[in-house]
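Dear colleague,

Please find below the structure that I am handing over to you, together with its sequence.

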Amino acid sequence: MNAPQTAAQAMAAAAARLRAAGVPDPARDARVLLAHAARIEASRVTLIAPEDLAPEIAERYEQLIALRAIRVPVSHLIGEREFYGRRFKVSGDVLDPRPETECLIEAALAEPFSRVLDLGLGSGCILVTLLAEQADATGVGVDLSEAACLQASANAVLHRVEPRAEVLQSDWFSAVDGQFDLIVSNPPYIALDEMSDLSDEVRGHEPEMALTDGGDGLGAYRVIAAELGGYLAPQGRVFLEIGPTQGAAVSDLLLSAGLKEVRIIQDLDGRDRVVCGRGCGENTS
C-alpha cells in the first residue's frame with residue numbers, strides 16, 4: 001500500500017504528470033482539481049498543503065488527474081466555469097464560456113435594453129449574464145440542441161433569472177416571435193478546415209455543432225444577417241462574436257442587411273472579437 005502523501009506532495013506529483021502530458025498550465029490545473037477533490041475552495045488549498053490526503057480524497061484526485069492528462073477540460077471535470085464573475089454549470093453538451101466573450105457583454109451593457117434575444121445560447125452564459133446585470137429586462141434564448149437548452153435553463157435557475165428568461169429549442173429564428181432591442185450571438189464560426197488546429201480539449205470534448213458550421217465559418221452569420229431585420233426593433237442593437245479574421249466579412253453582411261453604425265470591437269488581446277450594428281427606422285419608444 002502506498003504511503004500517504006501530503007496535499008503538497010500530491011499536487012506537485014500531479015503537476016509533473018500533467019506537464020509531461022502537455023497540459024498548458026499544469027500547476028494551476030493541479031491546484032484547482034485538488035480543491036475539487038477535497039471539496040474546498042481553491043483559495044484554501046494552501047491551508048491543507050501540509051496535511052496528509054485522506055484516502056478517499058487521494059482516490060478522487062487520482063481519477064481527476066488521469067482524466068485531465070488525456071485532455072478532458074477542467075471545466076468538465078468540476079462541472080462549472082466562471083464567466084463575468086458568476087459560476088456557470090457546464091458539460092460536454094455546450095461550449096465552455098470563454099473570457100473573450102466578456103467583451104460582448106461589456107459592449108451590450110453600455111446602453112440599457114428591455115428585451116434581448118440570444119441566438120445559439122449554449123450554456124446560457126450570455127443571456128443569463130445580461131439579464132442578471134439588467135434587472136428589469138426580459139429575454140429569449142434559442143438553441144438547436146435540446147441538451148444545451150436544458151443546460152441554459154439550469155443556469156437561469158441558478159442565477160435566479162428564470163422568470164425573465166424563455167428558452168426555446170429553435171433553428172435560429174424559426175421558433176422566435178416578436179421584436180428585440182438587443183440581439184446577441186456567439187455562433188459556430190470556425191471553418192471546417194481549421195478544426196484540426198484546435199486544442200485536444202476543444203476538438204475532443206466540446207460539441208462540434210457549437211464550433212463549426214461545417215463550411216467556411218460564415219454560414220451562421222449569413223442566416224442571422226438575412227433574417228434579423230424581422231426581429232430587430234427600430235434602433236435596436238446587434239452584437240455578434242466572431243473569429244479574429246472575420247471582422248470585415250461579418251461587417252459587410254450587417255451593412256448589406258441595412259444596419260448602420262457597424263463597427264468591430266477588439267478583445268483585451270487586441271484581436272477582432274465582436275461586430276456590432278444598429279437597426280434603422282424610427283425609434284418609437
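How far apart do the end C-alpha atoms of residues 101-192 lie, and how much of the span is helix and how much strand? The end C-alpha atoms lie 21 Å apart, and the span is 32% helix and 24% strand. Please note that the model is a predicted one.

**Annotated regions**

The span in that question comes from UniProt, where an unreviewed entry places the feature "domain: Methyltransferase small" at residues 101-192. For residues 9-79, UniProt lists "domain: Release factor glutamine methyltransferase N-terminal", also from an unreviewed entry. Over residues 9-79 the chain is 69% helix and 0% strand, and the C-alpha atoms at the ends of this stretch are 25 Å apart.

**The largest pocket**

The largest pocket holds about 1500 Å³ of space. Its lining consists of 49 residues, and the closest to the pocket centre are Ser75, Arg81, Asp96, Arg98 and Pro99. Of the elements, H2 gives the most, with five residues. By residue class, the lining divides into 20 nonpolar, seven polar and 22 charged residues.

**Aromatic pairs**

A pair of aromatic rings is described by the distance of the centres and the angle of the planes. A search of the whole structure finds two such pairs. In one of them, the ring centres of Phe83 and Phe88 are 6.2 Å apart and the planes stand at 75°; because an angle over 60 degrees counts as edge-to-face, the pair is assigned to that class. Phe83 is buried, with a relative accessible area of 0%, and Phe88 is likewise buried, with a value of 0%.

The other pair is formed by Phe173 and Tyr231, whose ring centres are 4.6 Å apart and whose planes are at 15°, so this pair is stacked. The pair links distant parts of the chain, the two residues being 58 residues apart. Phe173 belongs to the loop between strand E5 (165-169) and strand E6 (180-185), whereas Tyr231 belongs to the loop between helix H10 (219-227) and strand E7 (232-241). Phe173 counts as buried at 1% relative accessibility. Tyr231 has a relative accessible area of 18%, and because the cut-off for buried is under 20%, Tyr231 counts as buried too.

**Salt bridges**

Side chains of opposite charge can pair when their charged atoms come close. In the whole structure, 17 salt bridges are found. One of them joins the side chains of Glu241 and Arg273, at 3.8 Å from N to O. Glu241 lies in strand E7 and Arg273 in strand E9 (residues 272-278), so this pair ties together parts that are 32 residues apart in sequence. Glu241 is buried, with a relative accessible area of 1%, and Arg273 counts as buried at 3%.

Arg273 also meets Asp267 in a salt bridge, at 3.1 Å from N to O, and both of these residues are buried. Asp267, at 9% relative accessibility, forms a further salt bridge with Arg271, the closest N and O atoms being 3.4 Å apart. Arg271 counts as partly exposed, at 35% relative accessibility. Through shared partners, salt bridges join Glu241, Asp267, Asp269, Arg271 and Arg273 into one network.

**Backbone and local details**

Most residues other than glycine have a negative phi. Arg39 lies in the loop between H2 and helix H3 (45-48) and is exposed, with a relative accessible area of 65%. Arg160, another residue other than glycine, has a positive phi near 60°. Arg160 is placed in the loop between helix H8 (146-158) and E5, and is exposed, with a relative accessible area of 73%.

Finally, Val167 is found in strand E5 and is partly exposed, with a relative accessible area of 23%. Val167 and Ser153 are 14 residues apart in sequence, and their C-alpha atoms are 6.6 Å apart in space.

Yours sincerely

How values were computed:
Residues are numbered from 1 along each chain as its sequence is written. This is a predicted model: local features need pLDDT of at least 70, side-chain atom pairs count only at pLDDT 80 or more; totals for chains, interfaces and linings use all residues. Side-chain values use heavy atoms; hydrogens and water are left out. On a 1 Å grid over the protein atoms alone, a cavity is a set of points where a 1.4 Å probe fits but cannot get out, and a pocket is an open set with protein on both sides within 12 Å along at least five of seven lines; lining residues have an atom within 4 Å of a point. Grid points are joined across faces, edges and corners, and a volume is the space filled by probe spheres set on the points. Helices (H or I, at least four residues) and strands (E, at least two) are DSSP runs, numbered from the N terminus. Ala, Val, Leu, Ile, Met, Phe, Trp, Tyr, Cys and Pro count as nonpolar, Asp, Glu, Lys and Arg as charged, and the others, Gly among them, as polar. UniProt positions are given in the numbering used here, feature names are shortened, and annotations may be inferred rather than shown by experiment. Rings of Phe, Tyr and Trp (its six-membered ring) pair if their centres lie within 6.5 Å; planes under 30 degrees apart count as stacked, over 60 as edge-to-face and the rest as tilted. Buried means under 20% relative accessible area, exposed over 50%, partly exposed in between (1.4 Å probe, protein chains only). A salt bridge is a side-chain nitrogen of Lys or Arg within 4 Å of a carboxyl oxygen of Asp or Glu.
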